[in-house]
Every structure is written in structure tokens, then in C-alpha cells.
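Hi,

Here is the structure I promised to pass on to you. Have a look at it first, and then read on for what turned up.

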Amino acid sequence: MIEKMKFLSITGPKADIDRVVNDYLSKYEIHLENAMAQLTQVQHLSPYIQINPYRDLLARVNEFASLVGDQGNVEIQNISLEEIQPLLDSLGEKISELRQECDRLMAEQASVTEDISRLFPFSSLPEDVDKLIRYRFVQVRFGRIQKEYYEKFNTYVYDDLDTMFYPCREDPDYVWGLYFVLWTKMEQVDAVFSSMHFERIYLKKDFYHGTPQALCAQYNRKLEELQREYDKRQEEIQKLLSEDASIILSAQAALNALSTNFDVRKVAACVKEHQETFYILCGWMTEDDASAFMKDIEDDPKLFCVIEDDKNKINCKPPTKLKNPKIFRPFEMYVKMYGLPDYHEMDPTIFVAVTYSFIFGVMFGDVGQGLLLALGGFILFKKKHLDLAAIIGTAGIFSTFFGFMFGSIFGFEDIIDAVWLRPAEAMTLVPGLGNMNTIFVVAIVFGMFLILLTMVFHIINAVKVRNIEGTWFDQNAVCGLVFYGTLTVSAILLLTGNPLPAAAVLIVLFAVPLILIMLKEPITRLAEKKTPAIQGSKPMFFVQSFFELFEIMLSFLSNTLSFVRIGAFAVSHAAMMGVVLMLAGAEDGGSINWLIIVLGNLFVCAMEGLIVGIQVLRLEYYEMFSRFYKGSGKEFRPFLKRINRKSSSDRA
């Protein structure tokens, strides 16, 4: 069902807008429209421009709130704006000091990590680093050289050069080490090593005291100590946030409300009358909320509200707010996936809930597997509140029902008797076609009735919007209903062995609707008193209309035959479970392999359940929705969060 909407125009002194929003509008759900776009006929309108004063404060509190861990059991209190500012300043100062300390520790960690990365490749050196750096007549160069150049250096250069290279560490690409060179030979040797792509690593003088191995161990201990200090500061920050979690989240809730209420100005307009400026707000409320709102403000001298009933004065279409019984509400998910119904359309939620569950049950009729789906779906819905889980649970109930109708329980068909028929065995004599599977015949007849029902829905929607063509001459309108209804009745009479109506009657009921469907455009233009009746070339119109009519006839046929899949899946389910029973040895009277029975049932339940769910949804969308439903509505989005305030008498 779609809730009835009322369009409201609210006005009052510009300075009074906050009081109106906080005292009145926050108690109701209102879908606000841009007043500047709606009131195009009002002169001297201007937008309500004012900077949100709560934005910066809200950004600060949002940052603190994002750091609060578990927010589930935190109590939200009433807190005023005057209390929020000093609390945030005090908390921000404490956290800022701790963060500065954390930044210092992180910078020191980075420095120590860099020292370790410099010294680690030289861990095999037995000598203290500071002694090596302080030699008087010899210079020491630390670094690394690519392996291919190191091999060339050893082969062709090393023996003729006044230097000594000491390798410390190797990997597949590099050799780390150091070379010693006399002061007098320094420039020559450095040049040769540079030509060999030796990459120097500079160690800080008067900084490293000890062997590289001892220094790395010392720095690793220091790194662990710095990490402990950092973790300690983080724990202090988290402790502060945990202690003030209630205040932080309460401040966030209060500021969110204040900021959102203030942002009402974005969709408001201003107009100046008699030296005073007034605001104007426009929006949609449900009929009940609009009545309650009007009653609430009737004694307020500063607030004036008009409910606009003249649709010609409203420049936007009403938003859609669905309101269905709780049992059908999960199926709104499928409706919204296709598209939210327009305000003037009928809500197909209940229709989808009934037909989807019913068809799923027929296609997946099994008592045991149906119960598994029902229990699993409803348990998951209770824990996770997933709409899809509730749909699965409901479909499982119908599967259980049709399991009794088909006499199937976990694939076994010899435990209970079929109340109706066995899908794989029952046959029906169809005049002119011979014996056909009963479930196929029933599925086609059932599909024909669903198509007729969707045509009725199409006519109802067309009447609501006063669409003449959609009401009378469309393939889904009255003409299509008469044609397809005659076809359905004739098929049922044939199946039941009853005589058909007179040939003249059938010709009229078949031919006249088809001719009207073919000529729907000129007839509609004549009914709407538009000229000319046929636009463009008349021969081309008749050729095009003929082929369109032929396409309509084919679509009626394909749509009808599409419902055969209902019977096909009912039969295939029985066949698949027959294979499982055969593999388990349950059909030859021997010992049953229960592991195969369990695994087979789980496999069929999961795989076929998924496929059937998708196929039923396909039938809903392509064979039914396409006939009557557009799904072009816009969602009802309350601008403000509803606040339920108790009266003084209630609090007393």
C-alpha cells in the first residue's frame, strides 16, 4: 500500500525558523522540496543563505566518535550546546598532548629503524664501528655493490688497486661490505668503485659505539621500548575516549540534530513583505502527519501553513512511502529492486509476496527441504534481520505445503501419500494434443490467470492517471483483456470437454479487440479530440501497426508458454531427488547410504533453491511486472529525524 500524501507550504518570520523546526517539524516526517523550484509563481523570492554554525563542531565530535570502540551499550544523554563546547575543548586538549607524544615516538621509531637498516648488512664485522670510522691514515667506505660488478671487480681490477675490500653480506643481487683506502689514494680508489656502481652507505660519525651486531641488538631493544611507550599513549587516548564515550556520542547526536535542522534553510526560500522577511518551506507529509501537524500549530500566531489540494499548482510529483503489513514487508525488497512504485501506481508488494511464495512452493515442493528453508530463513531473519532471509522462510512454508500435495519428503515418495498428484507421473488428456503432464497443463492455465490479473492491474493504474489508451486500447487494457480472456476461457472449455461458444461470438471477441489494438493510436487521438488522427504516411502506419500486432500476438504466446517452467521445475525436482536416492541405493531395496542422502539433499536444496528463486523472480519481473508496473516513483525521504516528545502530563 502507498500512503496518501499532502503538500504543505509553511511560512513564518525568518528569524523564527529554528523554533519551528525544533518544536514542530522534528516531531513529524516531512519530505522537503526546494521551495525556490516549487514557488515559481511567487515574485521576489530569494534563497535562504546562511552558513551552518555547527559544521566545524560536528566535524570535531565526529572525529572523536569514530575512535570510540564499542558504541552498542553507550547511553545517549540530553546535552545542551553550551555544555558541548567546553567538554570538547578539554577532551581535545588532552588528546592533542597525547597525540603529539605519539608523533614524537613514531619519529624516533623511524630514526631507529633507519639505523638498523644501515647497520644490519654489516653485522658480521668484528670491529667497533666508531673505531673504523676514526682511523687516522686510512679511510673506510661502507656500501653495497651489484653482484655482477663485484665479480668483474674481483677478476679485473682488485689485484691492481691499492685497496682492500671486506665483504659482510650477500644476497642474489648485492654484496654488502666496506673497503679501506689510504688518504693519498682516496680519489683514485673512490673513482674506480664509483665506476663499479658501488653505492655508499653513510654512517654518522661519533654516533655508533660498538660492533654492528651489538648495535642492532641494542636498537631492536630500543625499538621495542618505543613501541611499548607508543601503545601506552594509545591506551591512554582510548581510555579517555571510553570514559567520555557517553558524552561524545550524546554530543554527536545533539549536533547532528542541530546541524540537520539548520540545513532546512538549504531548501527554504525567503520573501519580503511589508518590511519583514518571511521564510517559506514546502514539502510532503502523510495524511495522518499533516492532520496532526495542523492541529499542533493551530494556536501558534507566528506560523502559517497551507495544505495545497489543487494538483495543478504543485510542480512536483508526490514521493512514495510504502506501508504494508509486517508479514509482507520483506517482499518490498523485490519491488524496490525493480523500481519504487509511482505515487499513482498500485503497490504490488502483496501481489509479489503471494505469487512469489506460491510459485516457489510449486516448483520446489518437498516437505523436508521446505522445512529446512523455513527454519533456516526465519532463524537468520531473527538474528540478522535480512529481508531475503524472511522471503526464504516464507517460500519454505509454501514448499512444505506443496511437499504434502506432491507426497515428497527429502525426495522419498513412498513415506506419505500425495494429497494432489505426483508431478512426474500424473498425465492429462488434452484434446488435439494427446497426453500431457498434468503439472504442465495446470502451470499454463495458472499463468494465463496471472496474465489476466496483471491486465486488470494495468487498467486500474491507467484509470488512476486517466490514460485513455492504457485503459481501453492497449494490449494490456480492456481490449487485451477481452481477447486474452476469451482465449483463456476457450482453452479451459476445451480441457474440460465443454462445447465452445458459437463461432460468430468467438470471431467478434477475438477480431474486434485485435483491430482496436491495431488502431489504438488514431482511436485515442480521436477520443482526445486531437487532429490528425493518423500522423505521417497512412500506408506506412498500417504496415507498421500490422507488424506490431503480430509482435503482440507472439508476446502473448511466449508469455503464456513461459509459465511452463513452473511445471518443469516441479518435475525436475522429483527427477533430481530420484538420482540422489538411486546413488544412495534407496531404490533397489538394499541398505541405504545415509551420508549420500544427507549430502544430496543439501546439494539439491542449495542449488535448486537458488535457481528456482531466480526463475520465480524472472517470472515476476518479465511476465507480470512488464504488463502493469513502471516503478518510476521517487522515495519518500524525511529531511528530519522524527523525535517523539512526551507531553508534560505523560512525564508526570
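Helix α22 gives the most to a nonpolar patch, with four residues. (Helices here are DSSP runs of H or I with at least four residues, strands are runs of E with at least two, and both are numbered from the N terminus.) The patch lies on the surface and is formed by L372, F410, L595, V598, L599 and L602, with about 550 Å² of accessible area together. F410 sits in the loop between α14 (387-406) and β11 (427-430). Patch members have over 30% relative accessible area and no salt bridge; like charges are joined within 9 Å, and nonpolar side chains (Val, Leu, Ile, Met, Phe, Trp, Tyr) within 5 Å. Areas come from the Shrake-Rupley method with a 1.4 Å probe, and for residues only the protein chains shown count as cover.

Before going further, please keep in mind that this is a predicted model: local features need pLDDT of at least 70 and side-chain atom pairs pLDDT 80 or more, while totals for chains, interfaces and linings use all residues. Residues are numbered from 1 along each chain as its sequence is written, and side-chain values use heavy atoms, leaving out hydrogens and water.

Now back to α22 and its neighbours. Helix α15 (residues 438-464) packs against α22 (residues 594-628) at an angle of about 25°, with the axes 7 Å apart. The two are therefore roughly parallel (angles under 35 degrees; over 145 is roughly antiparallel, 65 to 115 roughly perpendicular and the rest oblique). Axes are lines fitted to C-alpha atoms, for helices over the stretch in contact, and angles run from 0 to 180 degrees between N-to-C directions. On the α22 side, M624, R627 and F628 make the contact (heavy atoms within 4.5 Å).

Helix α21 (residues 564-583) also packs with α22, at about 170° and with axes 10 Å apart. That makes α21 roughly antiparallel to α22. Among the residues in this contact are F569 and M576 of α21 and V604 and I611 of α22.

How many salt bridges are there? The count comes to 25, taking a side-chain nitrogen of Lys or Arg within 4 Å of a carboxyl oxygen of Asp or Glu. One pairs K6 with D309, the closest N and O atoms being 3.5 Å apart. K6 is in strand β1 (residues 5-13) and D309 in the loop between β10 (304-308) and α11 (332-338), 303 residues apart.

Finally, the peptide bond from T531 to P532 is cis, with omega near -10°.

Best wishes
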